[in-house]
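Student: I have just opened this entry and would like to go through it with you. Could we start with the charges?

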Amino acid sequence: ELKADLYGAAAAPGVVEGVARVCTAAQQLTELRKGEILVAPGTSAAWTVAFTMIKGLITDGGGALSHPVIMAREYGIPCVAGCLQGTQKIKTGDRVKVDGDLGIVYILDK
């Protein structure tokens with residue numbers, strides 16, 4: 001029993017804690033700050049710039065060969081994909097822990 005707040009796929013290895021930034025559309029990426037953990041429904045090529053800034057990624061969807069998973073691995077960013085409700089349960093400003101090794105997310109502070 002890990003008692004995590006969200007469960008998903010262990011998409012890209014590593015463990016990181018930080019402040020969450022929920023973005024549901026690429027247009028919101030202008031609000032993203034360096035070192036934040038991006039929480040998104042998914043990503044596409046338009047989101048690529050975000051990977052140079054973030055230190056963790058949580059997505060609602062995505063499989064082993066999806067854009068967010070491939071990009072997270074390429075950039076060495078811990079990622080938990082397929083959380084289903086990440087964008088609903090996490091709010092911008094929450095402190096979260098992303099465990100890309102186990103595929104779990106903890107919401108530490110709200």
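Student: How many positive and negative side chains does the protein have?
Tutor: This is a predicted model, and in it the protein carries 11 positive and 11 negative side chains. The centres of the two sets lie 3 Å apart.

Student: And how many salt bridges turn up in the whole structure?
Tutor: A search of the whole structure gives one salt bridge. Its partners are the side chains of Arg21 and Glu36, at 3.0 Å from N to O. The pair joins distant parts of the chain, 15 residues apart: Arg21 belongs to strand S3 (residues 15–22), while Glu36 sits in the loop between S3 and strand S4 (37–40).

Student: Is Arg21 buried or exposed?
Tutor: Arg21 is buried, because its relative accessible area is 15%, and buried means under 20%. Glu36 also counts as buried, with 8% relative accessibility.

Student: What about the protein as a whole, how much of that is buried?
Tutor: Of its 110 residues, 47% count as buried. The accessible surface comes to about 5,300 Å², and carbon and sulfur atoms contribute 54% of that surface.

Student: Changing topic, which elements does the chain contain, and in what order?
Tutor: There are two helices and eight strands. From the N terminus on, the order is β-β-β-β-β-α-β-α-β-β.

Student: Why would one call the overall shape compact?
Tutor: A compact globule of 110 residues would have a radius of gyration near 13 Å, and the protein has 12 Å, so the two agree. The C-alpha trace spans about 35 × 30 × 20 Å along its principal axes.

Methods: Residues numbered from 1 in each chain as written. Predicted model: local features only at pLDDT ≥ 70, side-chain atom pairs only at ≥ 80, totals over all residues. Heavy atoms only, no water. Helix = DSSP H or I, 4+ residues; strand = E, 2+ residues; numbered from the N terminus. Rg over C-alpha atoms; globule rule 2.2 N^0.38 Å. Buried < 20%, exposed > 50% of the residue type's maximum accessible area, 1.4 Å probe, protein only. Areas by Shrake-Rupley, 256 points an atom, 1.4 Å probe, with all protein chains shown as cover. Lys, Arg positive; Asp, Glu negative; His and termini not counted. Charge placed at Lys NZ, Arg CZ, Asp CG, Glu CD. Salt bridge = Lys/Arg side-chain N within 4 Å of Asp/Glu carboxyl O.
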